[in-house]
Amino acid sequence: MAPEPVLKPRSCILNLSMQTMNKIVLAACAALLSLTMSAQQNTHAVKANPLGFFVGQYQFGYEHALNDNFSVQLSAGFIGGTSEGTLTVDSVEVASETYKKTGFIAIPEVRWYPGGSACEGFYVAALGRFRSATTVDDSDNVLLERSANGAAFVLGYQKANDGYMVDFFIGPQYKTVSSAGTLEEASSFFTSDNPMGVRLGVNIGFGW
């Protein structure tokens, strides 16, 4: 007499199938989360130029990634501060004066990140630069009005570490300078009238 076949309950088979499906779904979610975390990068950054603070130029910038390779940045700020000078007549010092400078600076910029991680890594950038400042004396008499407008092409590297950003750049720049007034401003790295020059600096900030 042949033995009777043993039939497994359908509920048991269904439970095994549901457990397998749950494991597959959980594994897929974990893999997707892992890929998302590994691909996560900063696509926004807010930065400041600390070097400008020493000469009364308070400049801040915002960078936004358009896609993996390109970003746009706008840096803007104001110029302010006081300095002291000596009034001379026929090469004789006759008085000491305090000068006050006010103005603005704006730098629009387009960046290309060949590594495919916009806002991070090596980049090539083209930018414009617009700067204007007015210097007055204690009586608010205008002594000097100076503007410097131009463009630059720079190579840079932006490092991201736990949300903090450090941005180094260097490259050639060209500018046109116009000034009017009786005060001769001492030439320096920030106020040189030479149309050709080198643009270099560092920005620090944070990204997300």
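Trainee: Which strands each supply at least two residues of the lining of the largest cavity?
Mentor: Those are β3 (70-89), β4 (92-112), β5 (121-136), β7 (164-181) and β8 (196-207), where strands are DSSP runs of E of at least two residues, numbered from the N terminus. Bear in mind that this is a predicted model, in which local features need pLDDT of at least 70 and side-chain atom pairs count only at pLDDT 80 or more, while totals for chains, interfaces and linings use all residues. Residues are numbered from 1 along each chain as its sequence is written, and side-chain values use heavy atoms, with hydrogens and water left out.
Trainee: Which residues lie nearest the centre of that largest cavity?
Mentor: Gln73, Glu109, Phe169, Arg199 and Asn203 do, out of 13 lining residues, a lining residue being one with an atom within 4 Å of a point on a 1 Å grid where a 1.4 Å probe fits but cannot get out.
Trainee: And what volume does the largest cavity have?
Mentor: About 80 Å³, taken as the space filled by probe spheres set on the grid points, which are joined across faces, edges and corners.
Trainee: Switching to rings, which residues form one aromatic cluster?
Mentor: Phe53, Tyr58, Phe60 and Phe78 do; rings of Phe, Tyr and Trp (its six-membered ring) pair if their centres lie within 6.5 Å, with planes under 30 degrees apart stacked, over 60 edge-to-face and the rest tilted.
Trainee: How many aromatic pairs are there in the whole structure?
Mentor: The search finds six. Phe206 and Trp208 form a tilted one, 6.0 Å centre to centre with 35° between the planes.

How values were computed: On a 1 Å grid over the protein atoms alone, a cavity is a set of points where a 1.4 Å probe fits but cannot get out, and a pocket is an open set with protein on both sides within 12 Å along at least five of seven lines; lining residues have an atom within 4 Å of a point. Helices (H or I, at least four residues) and strands (E, at least two) are DSSP runs, numbered from the N terminus.
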